Amino acid sequence: MRSVCLLLPLALAGAFLASDQPSAQAPGVIMQLDRYAHGEFDAVVAELKALTQFDGVLEELRLGGQAWVDAGPEPERARRRLAAATFALEAARAAEYTDWKRVIRLDAWVDEKEGVTAKEGADRVFWNAPPLLVEWGCALLRQDPKPPPIERIWHLASVAVAQGAGDMEFLVGTPFEARMNVPDEITHLWHAQDRFKTEPRLRLAAAIALEMRTWPVRRGVPHVPNHSFVAPRFAELVRDEAVGAEAAVRLGSLHVRTGRLKDALNVLERVEAMTRDTYLIYLARYLKGIGLEKAGQTADAEAAYRGALAAIPHAQSATMALAALLAKQDQRREAGALIETQLSTRPQPLDPWRAYAAGDARFWPELIARLRGEIRP
Amino acid sequence: MTTRPLLAALLVSSAVALPGAGQALQQPVFRSALDVVTIDVAVRSGGTPVGGLTAKDFVLLDNGVPQTIESVEMEAVPIDVSILVDANVDVDLSVASMNRQVPAIAALLRQGDRLRVTSISGHVSDALRLQPAGGPLASAPALEADGMSAAYDGLAAALLRPVDSSRRHIIVAITNGIDAASTLAVQAVAGIARRSPAVLHIVQVDIARRPLLPSDTLPDLLWESGRDRRGETAQCRMRGLCGPARSPWRPYDQKEFDVLREAAEATGGALHVPGLFNSASSIFRKVFEDYRRSYLLRYTPEGVPREGWHDVVVTVPAYPSYTVHARRGYGVEAAGPDGGTPGASGAFFSGVPAGTPLHAVIDAYGRADYRRLEQELAGISDGAALVTAFREAGNLWPANPKREAVLVVEIADAAMATRRIQARDAARDLLRSYRMLVRHPLWPDDFERYWLWGVIASLQGVILPDLTREFADYALTRFPNEPRFLLAQAFAVDQTRAFAETSGRNGAGQASHVRDVTARYDAAARFPETAAEARVRKAFFLHRIGRHAEALAELEGADGRTADRDVTIGYLRRLIRGRVLEGLGRFGEARAAYESARSVLPDAQSPAVALMRLHVRSGDRPAADALAAAIETAPKHAFDPWWVYWLGDARQYGAIVARLREETR
């Protein structure tokens, strides 16, 4: 769509759009891809991490990536396709902490054919290079009419990267805000689901993407918009053998933060019958503690926090919760000891609560190891 | 101003000296001369610290009861200084400058004082551990900006940290007060502050430069940190200029300066709002100098109950215009046993009563004393009760779920071995529920594979073909084409009619059953790991239903060298070949096959008995007698794999469990 924008600072729009232009920042991307496909994973990723802009990587892949895949002999092409798509994914992950998009508000937007199409107050989204890199890889893999099993791993890894970057709109679009350019939404998750229709982790990812749109919240504000929209997405997954436990944890979390304590405790109580995943056990116990404390059941809350710490000793969120609870009961000696031990623990253990928003990003090391194992010649 | 020996003041975390625990329990009222309370008091006149006051200038009420102030000190007591630096992205410039300013702050301290720097980002951590000040720092702080801020957790942690009884503790927190990730709400911090012996000062860093657009397109803009969403929206509307679409996820977005101010003032500290160009070290200098000029009042509470919360009010009646800042009270903890580090022991579900069979099992297992574990399990008489107790005990090792998973196999195996129906049912249910829990979140992994193999081997060991079949079928849904599971499935199908008549409606030779069994053995025979065993077992099946020629073809087809890699299979191949050849009436070749089996395991009984039978058949009584004598004189513990033919992979159970145990370490 060719468009002309009116009544807005053109210079600013130009600045935004400039990020879509080719950049000379990443010379030799195809050469890097070649090295990556030959197993030089760490060296290539280190180079990608040193980049500050990824437009050049995207542009070179768009220009030469397909040709690079096709340059290999026929039996090699599937591996080369996977290598190129995974290279793109690694580049996107290297850009995990950058903005994945710009959103700009335009007062009017004129389409040459359709005339003024803008709605008052609607935003226009401009995607930066990292999500487009993921989508480039995704399109490359989708060339294979029948997805091979390793593609499932690639899609799970792509979800991990997007969740780690915190861009849920990239995964599912936005059912919450009006967008002037809806067709430009990527909705990567729907592509993945198209390829793996029964994969429960992708369904869970969709629910998580919606969940993350219900935060941040102001503490003490009982009603969170969209609870009724998000909760059923988790509820329908709770019975799933593969992701039911995590769906239950997240449903419980949603209930806790919206003040539905009884519902929260009911669902969190079920988690340990569904999984022994330490990460989820910790979250279930920790959130149970929060819920119980809110409900005034101090002794049970204390036991729940201790239970969380039995799952992941010295994790900070439960340590803090337990220490504060003890301090409130004038048990400062133990509270102080807990804090001191926690702060002196090296290395600090992963705190699932602090990683909660990043969803499957915790699986990245395993996922990328699998992909690299498949790519390694 | 007088000072008393500090050693006499055995201050606890609540800044109250306690006698021994027993004495405390017997004497709920402050009576000992050693029960000393210390209170930091800052007195100002128009913002300027007032010096020169003595004990008689102060009036101190403890829970409303006037107390006698025993000493007033100003600068003699060494100080621990905790600097908290909020390293979230909004204050990243402050972080950079703090890395430079910490050494300057350290230089302000005196010999005997100590300093630590704690970083607040998505989590709280010590960037500089507590170390002596008054000279060059042993190491530089390692502050790094991060996406989020657990500011309230950081403040609470600093306030809760134990302080050496002979020292004062001042906390200077440099933060924009925006909390995005804390476990604790600001009200909890205020509650902790009210009961903390430390003095808290909060320096509010409120402005940060934050690039909105790529730095090469527009100059950086000034953004108010922790920006208000409404303001952002307005700016977006007015200027078409919207902020970065991705900001770090934050579970909370809270800015409660009033509560933070109240928290700081409750400790005798304050909230400071600096100008744009005030450096952290200049603010710290002022705070610290003021603190140095504050008073430390000591008194022994009288006339008030010892334990619990004590409200403290300090005034300077002779000078009503002075402002007095002091913490508002202190708490005295009920005496109790010293705890270690609760929550770290993993003892959350350790409510298994001592003296019970389960306790003995868990104890041995927990110590990795597997010999004792096996003894305990072998001695179990009520397997159902053991399984029930185990399930009721809950998740015993939440930090190491593999540990529980392996014990599940061992306990179920022991319960199955009791051969009681209730025990078997209980074990079966345990295994059925646990096979879901042993799954890796993403894909079937090696641990699950071995775990399922261990279960199948255990079930084969008690000859439960239907249950074995169920688990083999399940295992194949998780690991399609896993050779051992294919073989286990074939063997279980074979076993279901192993002892039936050859012919008849449900006979072992019934056509559909034969097709089923042979097809499944053939599926297992496609893999080198299981080819030899699958062919040997298929041959024995065909032999049992009278199809000796086909049986012989299977055995001839089995690669002898591969079969001989496993002594058991090599031996069985020879033994069964003898039986098949007998069935074909080829007795001379059968004799050779039995002799061959004896060459593999000379003390095994089955080939000797078979040979004896052949000798009798051919009328060679002396040879038969010689073999009978050899059988009678064979070593007592001579093992014959034929005896465990129907136990399938049970022969591997020990090795499988040993490997699983290794994974739990």
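How many helices and strands does chain B have? Chain B has 24 helices and 19 strands, while chain A has 18 helices and 5 strands. Both chains belong to a predicted model, and the model scores ipTM 0.85 and pTM 0.84.

**Confidence in chain B**

- The mean pLDDT of chain B is 81, and 80% of the residues in this chain reach 70 or more.
- Residues 1–34 of chain B form a stretch over which pLDDT stays under 50, and for this stretch the model has 69 contacts beyond four places in sequence.
- Residues 207–237 of chain B also have a pLDDT below 50, and the model gives this stretch 43 contacts beyond near neighbours in sequence.

**Burial and contacts in the two chains**

- In chain A, which has 377 residues, 53% of the residues count as buried, whereas buried residues make up 44% of the 665 residues in chain B.
- When contacts between residues at least 6 apart in sequence are taken in chain A, 70% of them join residues at least 24 apart.
- For chain B, 71% of the contacts between residues at least 6 apart in sequence join residues at least 24 apart.

**Nonpolar cores**

- In soluble globular proteins, nonpolar side chains tend to be buried together.
- The largest nonpolar core of this model holds 182 residues, and the members that touch the most other members are Ala88(A), Leu133(A), Ala156(B) and Val189(B).
- Leaving aside residues up to four places away in sequence, Ala88(A) touches Leu61(A), Leu133(A), Val134(A), Trp136(A) and Gly137(A).

**Helix 15 of chain A**

- Helix 15 of chain A covers residues 298–311, and at 1.5 Å a residue its 14 residues should span 20 Å, which agrees with end C-alpha atoms that are 20 Å apart.
- Because 10 of the 14 residues of helix 15 of chain A are buried, this helix is largely enclosed by the rest of the structure.
- The buried residues of helix 15 of chain A include Glu302(A), Tyr305(A) and Arg306(A), as well as Ala301(A), Gly307(A) and Leu309(A).
- These buried residues of helix 15 of chain A pack against helix 14 (278–294) and helix 16 (316–328) of chain A.

**Helix 14 of chain B**

- Helix 14 of chain B runs over residues 465–478, and its 14 residues should span 20 Å at 1.5 Å a residue; the end C-alpha atoms are 20 Å apart, in agreement with that value.
- The buried residues in helix 14 of chain B are Pro465(B), Leu467(B), Thr468(B), Arg469(B), Phe471(B), Ala472(B) and Ala475(B).
- The neighbours against which the buried residues of helix 14 of chain B pack are helix 12 (421–437), helix 13 (446–461) and helix 15 (483–496) of chain B.

**The open sheet of chain B**

- Chain B contains an open sheet of 4 strands in the order 4-3-17-19, and the pairing in this sheet is antiparallel.
- Strand 4 (65–67) and strand 19 (329–332) of chain B stand at the edges and have a single partner strand each, so one side of each is left without a neighbour in the sheet.
- On average, and with direction ignored, neighbouring strands of this sheet are turned by 30 degrees against each other.
- Strand 3 (residues 59–62) of chain B is joined to strand 17 of chain B by 4 bridges, and the two run antiparallel; across this pairing, Asp62(B) stands opposite Val312(B) in strand 17.
- Strand 17 (residues 308–315) of chain B pairs in the antiparallel sense with strand 19 of chain B over 4 bridges.
- Gly308(B) has Val332(B) as its bridge partner in strand 19 of chain B, and Trp309(B) stands opposite Gly331(B) in strand 19 of chain B.

**A hairpin in chain B**

- Strand 7 (residues 114–120) and strand 8 (residues 124–132) of chain B run antiparallel and are joined by 6 bridges, and a hairpin connects strand 7 to strand 8 through 3 residues.
- Within this pairing, Thr118(B) has Asp126(B) as its bridge partner in strand 8 of chain B.

Conventions. Residues are numbered from 1 along each chain as its sequence is written. Chains are lettered from A and ligands numbered from 1 in the order in which they are written. A residue is buried if 20 or more other C-beta atoms lie within 10 Å of its own, exposed if 12 or fewer, and partly exposed in between; C-beta atoms are placed from the backbone. Two residues are in contact if their C-beta atoms, placed from the backbone, lie within 7 Å. pLDDT is the predictor's confidence in each residue, from 0 to 100. Two strands pair if DSSP finds at least two bridges between them. Axes are lines fitted to C-alpha atoms, for helices over the stretch in contact, and angles run from 0 to 180 degrees between N-to-C directions. A nonpolar core is a set of buried Ala, Val, Leu, Ile, Met, Phe, Trp, Tyr and Cys residues joined through C-beta atoms within 7 Å. The expected span of a helix is 1.5 Å times one less than its number of residues.
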